[in-house]
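Here are my notes from a walk through the model you sent over.

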Amino acid sequence: MQKIEHIGIAVKNLDEAEKRFGKLLNTLPYKRESVESEGVITSFFKIGASKIELLAPTRPDSPIQKFLNKKGEGMHHIAFEVADIDLQIKTLKEEGFILINDQAKAGADNKQVAFIHPKSTGGILVEICQEKNK
Ligand code: ZN
């Protein structure tokens with residue numbers, strides 16, 4: 001793992017959350033991006049070498065909507081940047097972690113991503129990500 005790439009925060013309303021986090025972080029979001037396959041719209045803030053990713057659901061069956069129903073707004077996942085995501089997935093599996101994605105898939109912000117189930121990380125949803133074409 002190279003660094004904390006971003007922290008994902010589940011929100012109900014992206015417009016309101018952008019305003020709130022804009023004030024808190026004293027900076028504007030630099031992009032919005034929707035990931036259709038996940039039913040999610042994201043907004044990114046840059047904080048030094050890391051980012052904050054706000055996640056809002058775009059449909060009722062979105063994993064983010066399910067998270068909101070269960071836990072309400074708040075921290076959703078922590079994302080670590082890795083150099084070789086395929087190798088990392090293989091290594092994590094060998095070490096007994098439960099991967100939600102057996103293979104890396106396209107995520108927001110030009111990334112290949114995979115998620116590790118909170119069951120095997122002590123309750124934290126962990127994302128590993130690698131910049132595409134790198
Ligand atoms: Zn993320």
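1. Strands E2 and E3 run antiparallel and are joined by 5 bridges. Their hairpin has 4 residues between the strands, and Gly39 takes a positive phi near 60 degrees there. Bear in mind that this is a predicted model.

2. Now step across to the next strand. E3 pairs with E4 in the antiparallel sense, over 8 bridges. Ile41 turns up again here, standing opposite Ala56 in E4. The hairpin of E3 and E4 has 2 residues between the strands, and in it Gly48 takes a positive phi near 60 degrees.

3. What sense does the pairing of E1 and E4 have? Strand E1 (residues 3-10) and strand E4 (residues 50-57) pair in the parallel sense, over 5 bridges. For a landmark in the viewer, find Ile7, which stands opposite Ile52 in E4. Helix H1 (residues 14-25) packs on the sheet and touches E1, E2, strand E3 (40-47) and E4. The direction of H1 makes about 10 degrees with that of E3. Helix H2 (residues 63-71) also packs on the sheet, touching E1, E3, E4 and strand E5 (74-81). For H2, the direction makes about 85 degrees with that of E4.

4. Zooming out, the sheet is open and has 8 strands, in the order E2-E3-E4-E1-E5-E8-E7-E6, with mixed pairing. Which strands stand at the edges? They are E2 (31-35) and E6 (105-107); each has a single partner strand, so one side of each is left without a neighbour in the sheet. From one strand to the next, the twist averages 35 degrees. If you are tracing side chains, remember that in a regular strand they alternate between the two faces of the sheet.

5. Next, the largest pocket. Its volume is about 760 Å³. The lining has 33 residues, and those nearest the centre of the pocket are Pro63, Ile64, His76, Phe115 and Leu125. Which element gives the largest share of the lining? That is H2, with 6 residues. E3, E4, H2, E5, E6 and E7 each supply at least two residues of the lining. By type, the lining residues divide into 16 nonpolar, 8 polar and 9 charged.

6. Last, a look at Pro118. This residue lies in the loop between strand E7 (111-116) and strand E8 (126-131). Is Pro118 buried, exposed or partly exposed? The relative accessibility of Pro118 is 24%, so it counts as partly exposed; the cut-off for buried is under 20%, and for exposed over 50%. Leaving aside neighbours within four places in sequence, Pro118 is in contact with Gly123, Ile124 and Leu125. Leu125 is also among the residues nearest the centre of the largest pocket. Pro118 and Arg20 are 98 residues apart in sequence, and their C-alpha atoms are 27 Å apart in space.

Technical notes
Residues are numbered from 1 along each chain as its sequence is written. This is a predicted model: local features need pLDDT of at least 70, side-chain atom pairs count only at pLDDT 80 or more; totals for chains, interfaces and linings use all residues. Side-chain values use heavy atoms; hydrogens and water are left out. Two strands pair if DSSP finds at least two bridges between them. Axes are lines fitted to C-alpha atoms, for helices over the stretch in contact, and angles run from 0 to 180 degrees between N-to-C directions. Contact means heavy atoms within 4.5 Å. Buried means under 20% relative accessible area, exposed over 50%, partly exposed in between (1.4 Å probe, protein chains only). On a 1 Å grid over the protein atoms alone, a cavity is a set of points where a 1.4 Å probe fits but cannot get out, and a pocket is an open set with protein on both sides within 12 Å along at least five of seven lines; lining residues have an atom within 4 Å of a point. Grid points are joined across faces, edges and corners, and a volume is the space filled by probe spheres set on the points. Ala, Val, Leu, Ile, Met, Phe, Trp, Tyr, Cys and Pro count as nonpolar, Asp, Glu, Lys and Arg as charged, and the others, Gly among them, as polar.
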